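I am opening a notebook page on a structure that is new to me.

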Amino acid sequence: MRYFLIIILGLFLWTGCNDDDEKLTPSTEPEFRYVLPQGNHDYDTKIVNWYEDCGIYFLYKFEDKDVYYNENDRWAGFVDDTMRVNDGELAFYNSGLRVELPDEEYVGKQLEWIEKLFLNHYSKELLKKKMVKKVILAKNVTYCYRLGNKNLSEQERDYFNNIANTLIFSHGDASVEDLTNEDLLEMKNELHLWMLTEKLVDDYPMAELEDFLSVTDYSKTLSADYYEEWMAEGWLGRLANSEEAARSEDIRNYVEMIITTPKEMLEIDVNSISYPDPLFWVIGDYDYAGFLHPSMDVAGNIKKKYDLIVAAFKDWGVDLPVIGELYYE
């Protein structure tokens, strides 16, 4: 048996070392790249410029693999003929996104509002470093799934969706001309919150934010006993697990407050507005309405921190109040 094992081991070693004089050679296949321009529309020049300046591919012609491939996660697209998940009488089917090719005559207008609402508020350096490298200009982005009776359930069209390193936009059709101010306001808030509180957090100008962070005693955010003092401390968050977590949440909350709320709403005295004043209904749309008014900012620390974080982000290249004013009527 001992000699038999030695023979087997020798055969394995011989097989592993014997390459029949074949050597590995580098592939001659070119590295895959999308080809721009995809057409000869007026907006194709702008799409090429975005790629040359920031390395971003804007695609309005795409295949399923360009949209639904989700790295190590599951296929993100909706598939009609999927298998049942359970063995019961009620069958549940896989769910996923459904993305449609756009009407090319509207892609130019679609790209215009994406620029105005989103991209133009960041420097090309930031976009080149942190922005996703593939943007799909689609007609529809909807989430679908099959019910147990095999009927298709399809939600309303999303403004956009983010899969892996791909950003997918809807309204590449005639609907782009019917987007209301309310639509654009909601989409603006969602896009900038995603960009500023998910994509760019690791690049925040922390050295410039030290003055902002020094205003609040974050040890007090760990205790509910100081709840009544939180606003006086300039703290907008909730009970925190640690001072480090409180600092991170504080920056995020101020960013959210400023980019979702115009300064007029921040400075308004909410206690002085009552029905039937038209502002009575507007205030309800803003979670941070009145936070800069002395009736709420009793110690002036919220305003102080507001000014400090605005200045830090402006030096960094992002004007938070300008984003907050977008589509405010």
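Below are my entries, in the order in which I looked things up.

**Basis.** I note that this is a predicted model, where local features need pLDDT of at least 70, side-chain atom pairs count only at pLDDT 80 or more, and totals for chains, interfaces and linings use all residues. Residues are numbered from 1 along each chain as its sequence is written, and side-chain values use heavy atoms, with hydrogens and water left out.

**Whole chain.** I looked up the secondary structure and found 12 helices and 7 strands. These are DSSP runs numbered from the N terminus: helices are H or I with at least four residues, strands are E with at least two. Of the 329 residues in the protein chain, 44% are buried. Buried means under 20% relative accessible area, exposed over 50%, and partly exposed in between, with a 1.4 Å probe and protein chains only. I also looked at contacts, meaning heavy atoms within 4.5 Å. Among those with a separation of 6 or more, 67% join residues 24 or more positions apart.

**Helix α4.** How many residues of α4 are buried? I found 8 of the 11, so the helix is largely enclosed by the rest of the structure. The buried ones are V107, G108, Q110, L111, W113, I114, E115 and L117. Their cover includes the helices α2 (42-54) and α6, and the strands β1 (57-59), β3 (134-137) and β7 (166-169).

**E115.** Leaving aside neighbours within four places in sequence, E115 is in contact with K46, W50 and N120.

**Largest pocket.** A pocket here is an open set of points on a 1 Å grid over the protein atoms alone, where a 1.4 Å probe fits, with protein on both sides within 12 Å along at least five of seven lines; lining residues have an atom within 4 Å of a point. Which residues lie nearest the centre of the largest pocket? I found E182, L185, N189, D285 and Y286, out of 17 lining residues. Helix α6 gives the most to this lining, with 6 residues.
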